[in-house]
Every structure is written in C-alpha cells, then in structure tokens.
Amino acid sequence: MGKDIFFYSISIDPKRDKPEVLKAYAEKFGVGPGWVFLTGKEEDIKLVTKKLGLARPRDLGNRDGHSASLMVGNEPGGLWMRNSAVDNPQFLAVTIANFLGWKSSKPEKSYAEATPLKIDQGEYLFGSRCSACHTLGQGDKVGPDLLGVTARRDRTWLTRYLLEPDKMLAEGDPIAAALFEKYRMCGCPTCV
C-alpha cells in the first residue's frame, strides 16, 4: 500500500465532505498510507465519475446520486474493472488478485474439493450489504448497531424505510430524520 497499490475515495458531496471531514473519517477508521480521500468542485467530481464510468442514468434517482462502486485499475496495462463495493470481501479479494495476475506461492486445492458453504441467506445479505456500515451487537459503526432493530422499530415502519428512505426523510418522518442527523447516513436501504 502506498507504493504499488493506491486507494482513492472520491466524495460526491463536496458541500458536506470538506477536507477536514474526510480527514476525520480516515482517522476514525485507521486509514494508512496509500489511501487518499478526495473532494473538489461539484462539476469536476461529476466529470471524473462520468469519465470513470461510474455515473449511470439510474443513479439520478438516488438521493446521493451514486451506487457504491469499486474501480480497480492496472494503469500500466490500461486495464480496468468495476465491482460492487459492498460485495463479499473474500470474493472481491480473489477477483482483484485474479485481475491483477497475483499468484499464490503455495499450491492451492481445487474448487471441486471445497466444502459447500452453509450460509444463511440473511447472514449473506447482512455480510454483503450491511456490514460495511453496521454491526450486530458490537455497537454503532458508521450507522447504528442493528441488533434488535425489529424490536425497536415497528415492522411497517421498517418495511417502508427499507423501500423508500428518501421519501420518509423528505416527509419529515421523525425517526428517519433523527437517524440521518445522528449518523449522516446515506439513505440507502440498509441504513435503518
């Protein structure tokens, strides 16, 4: 990291994500050398996201105007790939290693020998969509701890919030507004 590999996180909200806010975020999560948080003028950010292929017509309907995307580039080779930034971390690691041509020095078993995974569908959903921002019983992270959320929130409210968080926030729903104020959550369906 910081020598051959670099991470660039580009804010799409320059009005809120000032350099001092991005610095505090990086410090909160122990970001080390080689990972840079960038911001700038809104029109420049829009141009960069368009040039990188990160701007899609369907994103215009999202309150924050983007999907969580992970771009990986091999600059000398001119090769680029895009994945969901909220996908399974092990899957991303293998995909990136394969893309960059990294080979393991130890012999590996064939996938045919692998034991079938026994992952609960809810566990997979949480791990791939929620765990980047939320925990279960380990305290707040970027968003609130979700342990017991079905006991704290009415099922009808939760269902509606999962389907249309932006609308509830715009309507002035007090719970949605309080969550947004406390966590500055993005309004994505997992931020309850």
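The legends below describe several close-up views of a predicted model.

Residues are numbered from 1 along each chain as its sequence is written, and side-chain values rest on heavy atoms, with hydrogens and water left out. Because the model is predicted, local features need pLDDT of at least 70 and side-chain atom pairs count only at pLDDT 80 or more, whereas totals for chains, interfaces and linings use all residues.

**View 1. A salt bridge joins D13 and R16.**
The term salt bridge is used here for a side-chain nitrogen of Lys or Arg within 4 Å of a carboxyl oxygen of Asp or Glu, and by this rule the count comes to seven salt bridges. In the pair shown, the closest N and O atoms of D13 and R16 are 3.6 Å apart. D13 is partly exposed at 27% relative accessible area, and R16 is also described as partly exposed, with a value of 32%; here buried means under 20% relative accessible area, exposed over 50%, and partly exposed in between, computed with a 1.4 Å probe on protein chains only. Elsewhere, K15, E42 and K46 are linked in a network of salt bridges.

**View 2. R160 forms salt bridges with E164 and with E171.**
The side chains of R160 and E164 meet at 2.7 Å, N to O, and for R160 and E171 the N to O distance is 2.7 Å. R160 lies in helix α6 (residues 155–163) and E171 in the loop between α7 (165–170) and α8 (174–183), so this pair ties together parts that are 11 residues apart in sequence. Helices here are DSSP runs of H or I with at least four residues, and strands are runs of E with at least two, numbered from the N terminus. R160 is partly exposed at 29%, E164 is partly exposed at 27%, and E171 is partly exposed at 47% relative accessibility.

**View 3. F7, Y25, F29, W35 and F37 form one aromatic cluster.**
Rings of Phe, Tyr and Trp (its six-membered ring) pair if their centres lie within 6.5 Å, and planes under 30 degrees apart count as stacked, over 60 as edge-to-face and the rest as tilted. A search of the whole structure finds six aromatic pairs. One of them is the tilted pair of Y25 and F29, with 4.9 Å from centre to centre and 50 degrees between the planes. The rings of W35 and F37 have centres 5.3 Å apart and planes at 15 degrees, so this pair is stacked.

**View 4. T135 is a buried residue in the loop between α4 (121–130) and α5 (149–152).**
The relative accessibility of T135 is 13%. The side chain of T135 reaches the backbone nitrogen of Q138 at 3.5 Å. Leaving aside neighbours within four places in sequence, T135 is in contact (heavy atoms within 4.5 Å) with F126, K141, P144, D145, L146 and L147.

Terms used. Polar contact = N/O pair within 3.5 Å; in protein donor to acceptor, adjacent residues only side chain to side chain.
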